[in-house]
Amino acid sequence: MTTLAVALLGVGGTLGGTLGGAVLSERANRKQNERADRQRAEERDDRVQQARRDLYARLNASARAYRVAARDAVRAAERGESVEPTVLDAAKEAWAEEYSQAQMVLAKDVLEVASTLNRALGVGFSVVKQLPSSPDLDGEYRRAKTWFSGPLSNGVYLLRVALRHDLGVEVEVDFERTRFQMLAALGRDASNLEDLLASEQAQAARSA
């Protein structure tokens with residue numbers, strides 16, 4: 001009986017040790033899998049965030065390049081130099097490409113800024129294209145330079161700050177109020193200039 005009891009205890013201990021080892025191994029594997037899942041999720045989030053940063057950087061750079069190309073075209077025309085239209089056209093296309101991608105990922109408030117700036121950049125493009133046919137070149141040059149150094153410059157600045165806020169890089173307590181005021185001003189100025197350009201085109205057509 002003693003021998004049998006010892007044998008049973010030995011078998012039970014072996015089975016218990018095996019089962020206990022299996023439980024511990026399963027628990028360790030589960031924890032390892034959970035850590036791997038968390039790591040993959042963090043890496044995925046990092047890739048998404050990096051993609052957003054890259055897109056925002058390209059959007060900001062293309063907006064600045066578009067404004068500078070249009071401004072430089074005006075300055076060159078005023079100096080009597082030949083203006084290479086492909087430079088401005090390429091800047092316009094680059095902005096359009098980045099803007100179309102950004103429309104799919106931008107938050108609503110940032111999209112409002114980008115959309116209003118897109119309209120303002122388009123108005124600036126029209127200003128440059130109408131320069132050769134203007135009867136008052138001096139006045140057109142002054143108006144164009146004022147537009148590119150004033151409202152449009154402010155619009156590009158607003159986009160940059162809005163993108164930085166969306167990324168959490170820059171945080172200002174009063175930014176929402178500032179954003180609203182600057183956005184309203186840019187939209188109003190763009191509408192006024194659009195109306196003026198349309199009126200001048202209509203008048204030129206009647207005079208032709």
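Residues are numbered from 1 along each chain as its sequence is written, and side-chain values use heavy atoms, with hydrogens and water left out. Because the model is predicted, local features need pLDDT of at least 70 and side-chain atom pairs count only at pLDDT 80 or more, while totals for chains, interfaces and linings use all residues.

The protein has six helices and zero strands. Both kinds of element are DSSP runs, numbered from the N terminus: helices are H or I with at least four residues, and strands are E with at least two. From the N terminus on, the order is α-α-α-α-α-α. Of the 208 residues, 30% are buried. Here buried means under 20% relative accessible area, exposed means over 50%, and partly exposed lies in between, computed with a 1.4 Å probe on protein chains only. A contact means heavy atoms within 4.5 Å. Among contacts with a separation of 6 or more, 79% join residues 24 or more positions apart.

Helix H2 spans residues 85-102 and holds both tryptophan 95 and tyrosine 99. The two are four residues apart, about one turn of the helix. Rings of Phe, Tyr and Trp (its six-membered ring) pair if their centres lie within 6.5 Å; planes under 30 degrees apart count as stacked, over 60 as edge-to-face and the rest as tilted. By this rule there is one aromatic pair. Tryptophan 95 and tyrosine 99 form that pair, which is stacked, with 5.6 Å centre to centre and 10° between the planes. Both residues are buried.

Glutamate 98 also lies in helix H2. Its relative accessibility is 12%, so glutamate 98 counts as buried. Leaving aside residues up to four places away in sequence, glutamate 98 touches Leu55, Arg58, Leu59 and Ser62.

A charge sits over a ring if NZ of Lys or CZ of Arg is within 6 Å of the ring centre and within 35 degrees of the ring normal. Lysine 92 lies over the face of phenylalanine 125, at 5.2 Å from the ring centre.

Helix H3 contains threonine 116 and serine 126. Threonine 116 counts as buried because its relative accessibility is 17%. Leu183, Leu186 and Gly187 touch threonine 116, not counting residues up to four places away in sequence. Serine 126, at 30% relative accessibility, is partly exposed. Serine 126 and alanine 70 are 56 residues apart in sequence, yet 9.8 Å apart in space, C-alpha to C-alpha.

A cavity is a set of points where a 1.4 Å probe fits but cannot get out; a pocket is an open set with protein on both sides within 12 Å along at least five of seven lines. Lining residues have an atom within 4 Å of a point. Grid points are joined across faces, edges and corners, and a volume is the space filled by probe spheres set on the points.

The largest pocket holds about 240 Å³ of space. Its lining consists of Gln130, Ser133, Ser134, Pro135, Asp136, Glu140, Glu200, Gln201, Gln203 and Ala204. Helix H6 (residues 175-207) gives the most, with four residues. Ala, Val, Leu, Ile, Met, Phe, Trp, Tyr, Cys and Pro count as nonpolar, Asp, Glu, Lys and Arg as charged, and the others, Gly among them, as polar. On this basis the lining of the largest pocket has two nonpolar, five polar and three charged residues.

The second largest pocket holds about 170 Å³ of space. Ala73, Val74, Ala77, Val83, Pro85, Leu88, Val128, Lys129, Leu131 and Pro132 line this pocket. Helix H1 (2-78), H2 and helix H3 (108-130) are the elements that give two or more residues to the lining. The largest share, three residues, comes from H1. The lining of the second largest pocket divides into nine nonpolar, no polar and one charged.

Proline 132, one of these lining residues, sits in the loop between H3 and helix H4 (137-149). Proline 132 is exposed, since its relative accessible area is 73%. Proline 132 and alanine 77 are 55 residues apart in sequence and 8.7 Å apart in space, C-alpha to C-alpha.

Conventions: 1 Å grid on protein atoms, 1.4 Å probe; cavity = no way out; pocket = protein on both sides within 12 Å on 5 of 7 lines; lining within 4 Å.
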